[in-house]
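Colleague: I am new to this model and would like to learn how to read its features one by one. Could you take me through them slowly?

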Amino acid sequence: MKPENMKELEYNSILEQDILDAMRKPHPIYWLALFICASFFVLGMITWVIQMLKGMGIAGINNPVGWGVYITDFVFWVGIAHSGTLISAVLFLFRAKFRNVFNRSAEAMTVFAVMTAGLFPLIHLGRSWLFYWLFPYPNQRQLWVNFQSPLVWDVFAVSTYFTISAIFWYVGMVPDLAIIRRFTSGIRKKIYSFFSLGWTGSLKQWRHYTRLYMFLAAFATPLVISVHSVVSWDFAMSIIPGWHTTIFAPYFVAGAIFSGTAMVLTLIIPMRKIFRMEKYITVDHFDKISKILLFTSLIVAYSYVVEFALAFYGGHKFEESHFLYRLLGDYRYLYWLMVLCNVILPFTLFVGKLRRNIPYLFVLSLFVNVGMWLERFVIIVSSLAKDFDPYNWGIYIPRWPEVFITLGSFGMFFTFFLIFTKVLPILSLTEIKEEAAE
Amino acid sequence: MNLSYRNLAIVSIVVIVIIGLIETVVKIGGDGNLLLLLSFWSALIQGPVAVAAAAEVSRGKWAQPMKRELLAFYPLILFVALLFLFISFQMDIYKWTEIQHRWLNKSFFISRNFVLLLLSFFVAHLFARASLQQKKSSQLVAVLYLFVFVISQSLIAVDWIMSLEYPWMSTMFPAIYFMESFYVGLAILALMAVVTLRQKLGNKVEVKKVMRDAALFMFGFALAWAGLYYGQFLVIWYGNIPWETSFFGIRMEYSPFKEMMTLIIVILFIVPFVGLISRKAKESIAVVSFVSILVLIGLLIERLFYILPVLPLNAFWLVIEFILMSAIFWLFFKNREQVLRIDK
Amino acid sequence: MDRRNFLKILGITSSTAMLSSCGVDKANEKIIPYVIPPDEEVYPGKPLYVSTTCTECPANCGLQVKVNEKLYHEQRSLYPTKLEGIPNHPINRGGLCARGQAGLFRLYHPERIKRPMVRDEQGNWLIITWSEVVTRIQDELQKTRRLGKINTYLSNHTNGTISQLKNQFCQEYGFERLPDFELFSHANIKKANQLVFNKQVIPQYRIAKTDFLLSLGADILETFVSPVEHTYHFSIAKKNQHFRWYHLEPHVSLTGVQADHRIVIYPESEIIFLSYLIQTLFRESHQKRNLPFKLLRSIPTYSLEETAQQTGIYQQDLQKLVGELSKAENPLIISGGISTAHAYGLEVAVLTALLQWILGITSEVVNFINARNYENIGTFLDINNLLHRLDQNEIGVFFLSKCDPAGQLPVDWQFLEKLKKASFSIGLADCLNATVRACNMILPLSHTLESWGDAQPFDGLHSIFQPAIEPQYDSKTEGDILLSLLNNNSEFSLYYKDYLFNNLKSRFGETNTSKLLQNGFIRTAVPESELSINLNQVYQFLKNFRIPQVKRTELLVFAPSIRGYDGRSTDLVLLNEIPDPLTTISYGAWLSVSEETATRMSLKDGDEVEVRIADERTKLPVKKQKLLPENVNLVQYGVVRLLSGSYDKRSGELFWFIKDIILSKTGNHVKLPVLSGSMDENGRGILPHVNEHAHEKEGKPWYPEHEHENYRWGMAIDLESCIGCNACSAACYVENNIPIVGRKEHLLGREMSWIRIQPYVQDNESIEFVPMMCQHCDNAPCEPVCPVYAAYHNPEGLNVQVYNRCVGTRYCANNCPYKARRFNWFDHRLPEPLDKMYNPDISIRDRGIMEKCTFCIQRIRAAKDKAKDDNRLVQEGEVIPACAQTCPTKAITFGNLEDKNSKAYKLAHSEQAYRALEELGTKPAVNYLGKKREHYEA
Amino acid sequence: MKNQYRFDEKHQFLEKLENLIKDGVSSKKIITYTPYPVHEVEHILKVKASPLRFFTLIGALAGLLFGFLFTIWASLDWPIIRGGKPIVALPAFIIIAFELTVLFGGVISFIGYLLLSRLPDFSKIQNPEEYGNQFVIQIQDGETR
């Protein structure tokens, strides 16, 4: 935050300097981190290739549990993506200024997370090499895709989501790129000037710009809700007890924002430390964002309760026995761990002190990430493991391909993010300036 | 007409007695009357308070100027609670009473709902006091009230309405229900802003701002409402499991329910969405008040839509009961200073 | 040989012509006779059908082999691709059991013996030619003659012409033909019938004709004498309202759970039960025939209480039984299997015969005229005798044909060691087995489907073996070998076929022979003879009548299994892939223990125990089995080697259980491939009595019915007559090229069966079987979720899966409430040469593709094409899916539900009909016919 | 000639701007450069609201319409029964339509923006104009807009 007495120009140039420092030549540790992430990424990719060559069977999925870790990862990453849009778009509409320090990296997170998520539907296909059959184009026999299938909805939702959030991210960045351009030289200058589209900051550019940003935010908000609703409907549209329940859409949306916000914390807190951004990203900001965490956690908790309460209220044999299974069955430990991570721990944020205790928030955010991953896993797997016909009951235990590919996905995500921190401004300069000026 | 706090109390007790008599002594065939009355007004009464609480929690400037107006209705929660007791005389409207189980059994049904309403009244009272006195604790109490609000509205949804068609159930139902209550809360906020503007009370700019914000939120809620409603419908439609589709089955096959359905969607979604999309509209008194009133009507129709297919209603007595309720409602609004006096 | 060429040959040698065509250029004669002559214009892809006989067990069901011309390794040729029962065959009536269906797996078995081999001095195998074989055998015979040893000839159950030839051969060469070797010789029954009726035979049991069946231990529906026939009879009997069936057994068997009343009886206490019955019948004078008093007196008398106490049967059950038995008009008592295979088995058999006699024995139900052809079959007395002589080095050249004593005889009899003492042992077999591996010479036999021959399942029925494929290897039929040896003809230019035809023609005449070839079987008249009882012999036997001291000890019961018979079928991979119906364990060996034992020793499924019998011991994983009485531990023949065997010195019957065994927990755990997730149906709407017509009160599905043009294919499955024998499953595997995935995949829960038998234990006293396959729902949950329309609904009401379009999201499988869809986790292929049996009408699915039951759409297509040609609609019964076709009880009815007169339609709309999980509103096309109420009251 | 005023502080810049307008300089001749959007400028210079919203509106409507027509046509083009659901299953198509609304709306707004603000400006990409964090007023001779 700008100290009162400081001159605007001075503040702005300091800000710019700080951001540029962050983009200076990386520390060896950075390279190490990058290398580790990248190699995980490669490992995951290799595993995928092996799986394609040998067959799905090398993974642990089976009959009846046809969806396992891959779909869990998909939902998890799409979820991560969400808070990016929430923070940048929704909070923008609500004129919540504290977003300005988060939104750039949050949006970056969104884009990368969607890219990562986008891989999983392909990975889990029995015939990954035919993934393009899912796209809306007519095949040789003039047959289109089945627009009734939730999976096709996914294709539309996720691709739209990616496009819009990419545009949103880029548009927000253009003025900042223009600033970076100013401080760079040589080929880098060329690149930055190209991507800043010859930005000058003239009124003509600004007045349309502000509108555009508003509209994009206005689009992104319902979009983000629709996307995770669609993801949730992948399950809710089925008739499997534990999947087929109406509250899934809001439940998943809240969950997504919940996990996403946690991921923002997981990323921002170290970043703030490493790049010495304490000046700009203050404790108040964390206080505010952890309120979002708390709020979404409340919604999630509400959904948990309603799900179970109504299962017992309805007294329908399949529903009831399924939820009992979830509580006490093969996956009970995961379930209770999930409750701990998603409900009990976040509720500590009612305590104002903890909301402002950054190390605590960091640890908590990690727990929440784990918890939300488990939530998806438990929902997906336990519901399939025991459905209608007792003869078909079985259980699912992941095997090495799932593990490696999941690690790979984290590798991919963090590789991208690390690169981002070095080549792009990690704070939204313009917006911070604007805020400071008021 | 201006009444002292005591007189207000007396009037409301009288009204309770009258309605009670109508329900117990008179009632010709209108099994659903009381349920409709309660399910509609409870939303109308708990909603505004919840809006106030939300404003408190978010420290948002947006509703502060109208806080007193919003809080004026909290005593009516007690009113609803008392009226609810009359339901115990007509439990036979619920088919599940034939075979009762651990959750759905008469005594537990009455007690839990009554207690919860009382609780929400009590918390509302605390909140009103704390917030009017700008106590530190006001935020905390506000959160507390929101909890109670969500729980009691959800319970109302499940117990009062959903159990009419046991074993039909939808996990989305309670969520829709309390968010609708919040939705009408906003509508009432907007209306009160309009009224104050008409009466040239308060700071014009601020109040106008309140109205615009209320309109903005209504716009948002219209979208959200549509989302939830569609979400619930789609899942049931797609799943196509007989015991689940039955609910929408009857409501979409026969008149007047199917017309009602369309009407609800038009009123609670399309009108607010189209009407309030532009900034100008959000600022025009006419539009906002029109939309807000529609939303209230929409809610009424929606409640009808739930109850009518199951229970017969008696129009005449229903009208009378509604007139009485609106009168009380208006009285409390009118004499808000009296109501809120004790909180000073 | 390509098809045209093939048909050219057919032109000159269609069946009758063939008879006269002996002699011409035999060396490269290659014909496959066929029975249903193709129409004038034959086009590729149209299969031929060859009638022959099943030799998977001594029952000799009639076989109809589907022969397809197809490309295999770049060359067009004809391959049998499916076995079916001959529709009107007197034994199996078109049905075929799982073992029969698996016959092709023996024909194409990877371990088929490819060429003759002989051991050299070092004991290594040398490959030799057939002419060398003849010469070698000749001089081996010289040697033994000098040594003055006896040559012996042992083979499995043989009858018909080959039997004659054998005798002829044995006489020529001074061989001693030993009685045929069968593990299940039913010696006690034969002996008892000999005692009582002077007929040392096994009669035909005509279950269809009886109104009261009392069976003791005889697993009539699984392996006993002629299971498929019994099963068919059983299904007929079921139609009779008054039919009652009591089954008594000391363990639990698939047969037992089918009975109206399954009564558990202490092992060896059957005598007491039977004596009680006889005495009571006389006391209450329900007997139809009288017995002399002294004879009657020699049968011990027991009071109701004593009997109950001694046999462990509830008194009320006994009374009920006696009551119904005495009311019965035409009762049938069968004792056999485990009840006759113990120290008192002979008594049991005798008393049974006696009981049957006094209750009035008619050839209607117990047919001694068309007796089973068991006269050549030896007993364990003969085996023991043989072993003794081997020990004494008395045996010279020793032929062992088509039998595996080394693999089947008890471990502690050390057959292999003794076999070595024979101076020259010659093993004749189609597949390698323990016995031939130990022989000095191995002669590859052609499989039945590669050779000519005939059989006589019972007196008055003659059936033919005809080649459906040219011999795949350098193998000969037993007949050819014997003939060549007889005439010392090392060119093998003499043909058993000619021998056979001459013989047949001389026996039945030209026309009958050609009929035999046409239909696969003929019936001949057998002289009627009045059955009479030999009272004296019976009395002599009963005089020194032994009463067992029934004491409960830990038992190890060896039971024959419907999958392995006496173990001869356990090496057919299909029969391992298909689970055991009662435990749903597919691969590997296990020990079934009772719940009590499990709790006593705190055993979980898969815990390993050591079974100790005297000094023999073996380790086995346990499986808790519901309904299994305490102290009874069950293993299956063939799955587990018979550890120590004792037998009845009087009759030579093998004992099926070993007393006083010691179980001890080893602490190891073995993963068992148990396919069933749970045997407890707990009211989930898969069995009828749970929520019948739930849909009526439950509201209705949203969408309107979609109309079907002409056809809506549907099925009705009668749970009343389904015995859970898995024949349907086996047939489905072969018909639809379903991948065989093996134990590892089964452990992961990735079995591929399109139709499976789901056993459900009902309140711990009965087991219900539900065949489950794709239900072809009208509102199929699997269809809308598929992004690429791979799963969709065709206008004929079929739920179709388009393999080529499938990308493998597996969403359909997730959303299928019946979990009937199967995903190809890998590229599963049958190893060579098993892949010869692939059905060319069906594609073989690659990895990453979903598949499932198609109602045998290829057969529907074929029928529709035919109907289209002579433009009409497909008629009732024109389309029969593999499962329905092979079902021994005809429990499955397939048809067009649009056609109001079709059987399927009528059944689907009968009041018994219900659909699985129908409250989900999926509207399945498969209708189950629930069991009648009284079965549940019982 | 073209004269330029540079300021370090926003308020000075705004004052100068107002003065210029007072002095009767046509707002059309004035170009301002700011490090971040300054809404007051629009008020001072009386700039009309940006026409971008029309692009957005058209884009959104186009998406919506296309979404429905496309899905409906595609399923009628080869009607296939799945799960007994109606061939034209509007409840399901709403989702597609919605996504396309957002997609088209967003993309077309972006394109619209580039058109309106004449970006990318290649000459400026070659040699960018930099004003740092200063607030700049330029007065052209001729009309600029």
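Modeller: Let us start with a pair of side chains: both C:D566 and C:R568 are buried, where buried means under 20% relative accessible area, exposed means over 50%, and partly exposed lies in between, with a 1.4 Å probe and protein chains only. Please keep in mind that this is a predicted model, in which local features need pLDDT of at least 70 and side-chain atom pairs count only at pLDDT 80 or more, while totals for chains, interfaces and linings use all residues. Residues are numbered from 1 along each chain as its sequence is written, chains are lettered from A and ligands numbered from 1 in the order in which they are written, and side-chain values use heavy atoms, with hydrogens and water left out.

Colleague: What do C:D566 and C:R568 form, and how far apart are the closest N and O atoms?

Modeller: A salt bridge is a side-chain nitrogen of Lys or Arg within 4 Å of a carboxyl oxygen of Asp or Glu, and C:D566 forms one with C:R568, the closest N and O atoms being 3.1 Å apart. Over all chains, the count by this rule comes to 67 salt bridges. Another of them joins C:R372 to C:E229, with 2.6 Å between the closest N and O atoms. That pair links distant parts of the chain, since C:R372 lies in strand β13 (residues 366–372) of chain C and C:E229 in helix α8 (residues 227–239) of chain C, 143 residues apart. Helices (H or I, at least four residues) and strands (E, at least two) are DSSP runs, numbered from the N terminus. Both C:R372 and C:E229 are buried.

Colleague: How many residues apart are C:E324 and C:K320 in their helix?

Modeller: An α-helix has 3.6 residues a turn, so residues three or four places apart point the same way. C:E324 and C:K320 are four residues apart in helix α13 (residues 315–327) of chain C, which means that about one helical turn separates them. Their side chains meet in a salt bridge of 3.8 Å, N to O. C:E324 counts as buried because its relative accessibility is 19%, whereas C:K320, at 42%, counts as partly exposed. Salt bridges can also be linked in a network, as with A:D284, A:D287, A:K291, A:R355 and A:R356.

Colleague: How does one check the span of helix α7 of chain A?

Modeller: The expected span of a helix is 1.5 Å times one less than its number of residues. The 34 residues of helix α7 (residues 203–236) of chain A should therefore span 50 Å, which agrees with the 49 Å between its end C-alpha atoms. This helix is mostly covered, as 28 of its 34 residues are buried.

Colleague: And which residues does D:G59 touch?

Modeller: Contact means heavy atoms within 4.5 Å, and D:G59, not counting residues up to four places away in sequence, touches D:F104, D:G105 and D:I108. D:G59 lies in helix α3 (residues 52–77) of chain D and is buried, with a relative accessible area of 0%.
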